[in-house]
Amino acid sequence: MLKDPRRQFAEELKSARELHKPRALSQRGLATELQVGKSTIARMEGDGNIPPYLPARLDELFGTDGKFKRLWEEIIKGGYVDYSLKRIELEAQATAIAEWSSSIVPGLLQTLEYARALLRAGDPRTSEAEVSKLAAMRVARQDVLRLGTPPDFSVVLCESVILRRVGSAEVMRGQLETLLAYAKQPTTIMQVLPLGSDAHGLMDGPLTTLTTPDGDTVAYTEGLVSGMIIDDPAAVRRLCRAYDGVTASALSTAHSVELIRKQLEAL
């Protein structure tokens with residue numbers, strides 16, 4: 001019987017840590033090496049979330065020739081369709097991420113409760129256990145913005161995103177508070193595009209652009225049941241230009257924060 005990849009990841013990590021040369025590493029020692037909290041290591045050696053940027057760093061530290069990255073990919077395949085896997089891998093490595101969303105809070109900014117409400121609305125027949133699992137995996141992606149060296153992150157939200165209630169009023173209040181907290185981060189630029197703005201080149205759907213460590217930029221677009229990585233330079237330039245147009249029409253960060261705060265107070 002094949003071993004569960006999540007359990008195998010935990011066992012391999014503990015073994016690699018304890019057998020590390022020239023001396024064994026405690027959980028705190030490994031946390032220091034990776035510049036994360038000890039609790040992050042404890043969660044990875046248990047059944048908690050695995051920050052998506054850490055498996056490759058574990059392979060580098062322990063010289064395990066991609067073992068932890070392969071196990072991590074097996075783990076997330078249980079919760080993500082194939083077209084999302086490359087996007088998640090790029091997120092973990094990106095030096096800069098830019099997002100435009102016309103309908104919902106992007107996954108990198110969702111609260112657990114907001115994610116659960118979205119998933120539940122998307123498929124009412126999904127079990128509570130599965131909804132909880134998928135929501136937790138989505139929120140775990142946010143470690144790229146909180147731990148280690150976060151990428152430069154720019155996000156533009158259509159005003160409808162903050163006006164549309166997802167879940168209860170309490171869920172929406174928590175989500176808006178989280179947006180305000182992210183807006184305070186020095187590596188984040190958050191803007192809101194007013195509903196009264198003119199037509200623009202990204203009205204058909206969401207867009208994410210990701211800049212890799214070697215300076216290349218790729219784009220990711222997603223529909224209801226499909227997603228696509230776009231790496232053709234000419235197409236990427238067009239999409240980046242369209243994103244620039246959206247940011248130019250959006251409110252400043254200060255005015256965007258004030259708009260989000262007013263909506264929070266109205267709930």
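1. A salt bridge is a side-chain nitrogen of Lys or Arg within 4 Å of a carboxyl oxygen of Asp or Glu. With that in mind, look for the group made of Arg87, Glu91, Glu99 and Arg141, which salt bridges link into a network. Across the whole structure, a search finds 11 salt bridges.

2. Some notes before you go on. This is a predicted model, in which local features need pLDDT of at least 70 and side-chain atom pairs count only at pLDDT 80 or more, while totals for chains, interfaces and linings use all residues. Residues are numbered from 1 along each chain as its sequence is written, and side-chain values use heavy atoms, with hydrogens and water left out.

3. Helices here are DSSP runs of H or I with at least four residues, strands are runs of E with at least two, and both are numbered from the N terminus. Lys67 is partly exposed at 26% relative accessibility, and Glu12 is partly exposed at 23%. For these words, buried means under 20% relative accessible area, exposed means over 50%, and partly exposed is in between, using a 1.4 Å probe and protein chains only.

4. Helix H5 takes part in another pair. Glu89 and Lys69 form a salt bridge, with 3.3 Å between the closest N and O atoms. Glu89 belongs to helix H6 (residues 82-93) and Lys69 to H5, so the bridge ties together parts that are 20 residues apart in sequence.

5. Arg116 is in helix H7 (residues 112-122) and Glu128 is in helix H8 (residues 128-140), and the two are 12 residues apart. Arg116 is partly exposed at 26% relative accessibility, and Glu128 is partly exposed at 43%.

6. Now turn to helix H4 (residues 54-62). Its buried residues are Leu54, Pro55, Leu58, Asp59 and Phe62. They cover an arc of only 145 degrees around the axis, so they lie on the same side of H4; the arc is that of the directions from the helix axis to the C-beta atoms. After H4 comes Gly63, with a positive phi near 65 degrees.

7. The loops hold some backbone details to check. Asp65, in the loop between H4 and H5, has a positive phi of about 55 degrees although it is not a glycine, and Asp65 is exposed at 67% relative accessibility. Gln35 is not a glycine either, yet has a positive phi of about 60 degrees. Gln35 lies in the loop between H2 and helix H3 (38-44) and is exposed, with a relative accessible area of 60%. In the loop between H1 and helix H2 (27-34) you will find Pro22, which a cis peptide bond joins to Lys21, with omega at about 10 degrees.

8. Next, the strands. Strand E2 (residues 152-158) and E3 pair in the parallel sense over 6 bridges, where pairing requires that DSSP finds at least two bridges between the strands. The bridge partner of Phe153 in E3 is Thr188. Why is strand E3 (residues 188-193) described as largely enclosed by the rest of the structure? Because 5 of its 6 residues are buried.

9. Finally, the interior. A nonpolar core is a set of buried Ala, Val, Leu, Ile, Met, Phe, Trp, Tyr and Cys residues joined through side-chain atoms within 4.5 Å. The largest one has 72 residues, of which Phe9, Leu58, Leu109 and Leu179 touch the most other members. Helix H11 (residues 169-183) gives this core its largest share, 7 residues. Domain 1 (5-75) and domain 2 (94-266) each supply at least three residues to this core; the domain bounds come from an automatic or database domain assignment. Leaving aside neighbours within four places in sequence, Leu179 is in contact (heavy atoms within 4.5 Å) with Val105, Leu109, Leu157, Ile162, Met190 and Ile260. Another core lies apart from it, with 5 residues, among them Ala115, Leu119, Leu134 and Ala135.
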